[in-house]
Amino acid sequence: MAAALHHHHFRHFSFVSPLSRKALTVRRPKAWLLTSPGKSGLFQVSCSSPSTSPPPSPSSPEVSASAATAESCVNLGLSLFSKGRVKDALEQFDKALTLEPNPIEAQAALYNKACCHAYRAEGKKAADCLRLALREYNLKFGTILNDPDLASFRASPEFKELQEEAKLGGEDIGYSFRRDLKLISEVQAPFRGVRRFFYVAFVAAAGISTFFTIPRLIRAIQGGDGAPDIWETAGNAAINIVGIVVIVALFLWDNKKEEEQIAQITRDETLSRLPLRLSTNRIVELVQLRDTVRPVILAGKKETVTLAMKNAERFRTELLRRGVLLVPVIWGEGREPQTQKKGFGVSRKAASSLPSIGEDFEKRTESVIAQSKLKAEIRFKAEAVSPVEWERWIRDQQKSEGVTPGEDVYIILRLDGRVRRSGKGMPDWAQIVKELPEMEALLSKLER
């Protein structure tokens, strides 16, 4: 669980962008501690493994009532959380918020408090903490999207509400989200700003010319001595007006393309966050499988998808050598997510997505998130968690490609997460075996 500090700059969090490589690297969980301010006066971040030294007791002299500071309470709370003492950690984060914390300390306390609530499946409390940190303490929405400790929260209805607030572009927390999407769009279309500059310049020039041409045209129509030639003047006015109309049309077309691009980026981001349950019953987000598998999404009626899965078994060995992971999605099978019971009384399946907290936390969590172990957990098929979210994304993708929503479709993803191709009905597995290179082939390495 990372203390969300002000220098956590936004990184592109889409499953498909090369800018997200660093942000989405699977990392070993350690306690991110606040240390004393350096010469710059800003708190720095240091990484301290819980196993290197035992956490101080709440009654320890170093955190006594007289010496306790917001910084020490945050650090103690992180250490307590790493040892599974979530309730005690929450008390320390609450205490830190009462000790006149500076903005950095307040952001860290609220963010890590939200991680504790997420672990306890208290989605509303986690959302309240994150909303306050976003609104008042400059927390970046990308941090919430990328932290593995918030994976269970991201599958909750409360996260969906928080994300919708951001997407709406609200003044408090949505503006930064919308702004970040625009920045990504500008990176993908770097000359759009230049084109718009010339659009404005040409419209201004044509407008000024028209301003002076109209009086001349009126004089030409009225006639008389010294009146300008009516056909020449009318031609100049027509050229200016047509030029303005054309440039305005190009400007509007460019805006439309930008909105379409932002919509695609949003779909890519939604796809990257869709959850899957692996054969070991562990829940991961699709982004965590990047560079490891080629997901093939099979969406349709139950009998159609079942038949496609059965046919795929005949090519199982060849498909596995090409990194294919089947993700079946049955139309109408999903149900709207229900708010989970608060506290520790969550279902076994829900608990599987939570951090492995206990005395052997360091060893257990490392084995859970290590990339090599993740590869070992991947089998031929994965279960779509939150089918409603999967179905919603597939229908949006169908609309964007001009396909009637609800038709049986298959979608093949690349190793880097982008859509390779899609089609109506179910796939021809023999053709896919010919089309996809093996994982060790040069083309697969270039695809990563």
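In this predicted model, R421 and E435 form a salt bridge in which the closest N and O atoms are 2.8 Å apart. R421 belongs to strand β9 and E435 to helix α17, so this pair ties together parts that are 14 residues apart in sequence. R421 is partly exposed, with a relative accessible area of 26%. E435 also counts as partly exposed, at 24% relative accessibility.

E435 has a further partner, R420, and the salt bridge between these two side chains spans 3.2 Å from N to O. R420 lies in strand β9 (residues 419-424) and E435 in helix α17 (residues 429-435), so the pair connects parts that are 15 residues apart in sequence. R420 is partly exposed as well, at 28% relative accessibility. Salt bridges with shared partners join R294, R420, R421, E435 and E447 into one network.

How many salt bridges does a search of the whole structure find? The search gives 24. One of them brings together the side chains of D88 and R85, at 3.1 Å from N to O. D88 is partly exposed, with a relative accessible area of 23%, and R85 is likewise partly exposed, at 35%. In general terms, side chains of opposite charge can pair when their charged atoms come close.

| Salt bridge | N to O distance |
|---|---|
| R421 and E435 | 2.8 Å |
| R420 and E435 | 3.2 Å |
| D88 and R85 | 3.1 Å |

**Strand β8 and its neighbours**

Strand β9, which holds R420, is joined to β8 by five bridges, and the two strands run antiparallel. Within this pairing, I412 stands opposite R421 in β9. β8 and β9 form a hairpin with five residues between them, and G417 in the turn has a positive phi of about 100 degrees. β8 is also joined to β5, by four bridges, and this pair too runs antiparallel. Here A299 has V409 in β8 as its bridge partner.

Is β8 mostly covered or uncovered? Five of its five residues are buried, and the strand is mostly covered. In a regular strand the side chains alternate between the two faces of the sheet. In β8, V409, I411 and L413 are on one side, Y410 and I412 are on the other, and all of them are buried.

**The nonpolar cores**

The largest nonpolar core contains 23 residues, of which L276, I297, V329, W390 and I394 touch the most other members. Two or more residues of this core come from each of the elements β5 (294-300), β6 (324-330), α16 (387-400) and β8 (409-413). Which residues does W390 touch, leaving aside those up to four places away in sequence? They are L274, P275, L286 and L276, together with I297, V327, V329, A384 and V385. Apart from this core lies another, of 20 residues, which includes Y111, A126, C129 and L139.

**Aromatic pairs**

A pair of aromatic rings is described by the distance of the centres and the angle of the planes. The structure has seven aromatic pairs. In one of them, the ring centres of F81 and Y119 are 6.2 Å apart and the planes are at 85 degrees, so the pair is edge-to-face. F81 lies in helix α1 (residues 70-82) and Y119 in helix α3 (residues 103-119), and the pair links these distant parts of the chain, 38 residues apart. Both F81 and Y119 are buried.

Y199 and F251 form another pair, with ring centres 6.3 Å apart and planes at 75 degrees, so this pair is also edge-to-face. Y199 is in helix α9 (residues 192-222) and F251 in helix α10, so parts that are 52 residues apart in sequence are tied together. Y199 is buried, with a relative accessible area of 12%, whereas F251 counts as partly exposed at 29%.

Why does E258 count as buried? Its relative accessible area is 5%, and buried means under 20%. The side chain of E258 is joined to that of R196 by a polar contact of 2.8 Å.

Definitions and conventions. Residues are numbered from 1 along each chain as its sequence is written. This is a predicted model: local features need pLDDT of at least 70, side-chain atom pairs count only at pLDDT 80 or more; totals for chains, interfaces and linings use all residues. Side-chain values use heavy atoms; hydrogens and water are left out. A nonpolar core is a set of buried Ala, Val, Leu, Ile, Met, Phe, Trp, Tyr and Cys residues joined through side-chain atoms within 4.5 Å. Buried means under 20% relative accessible area, exposed over 50%, partly exposed in between (1.4 Å probe, protein chains only). Contact means heavy atoms within 4.5 Å. A salt bridge is a side-chain nitrogen of Lys or Arg within 4 Å of a carboxyl oxygen of Asp or Glu. Two strands pair if DSSP finds at least two bridges between them. A polar contact is a pair of N or O atoms within 3.5 Å; within protein, one must be able to donate a hydrogen and the other to accept it, and residues adjacent in sequence count only if both atoms are side-chain atoms. Rings of Phe, Tyr and Trp (its six-membered ring) pair if their centres lie within 6.5 Å; planes under 30 degrees apart count as stacked, over 60 as edge-to-face and the rest as tilted.
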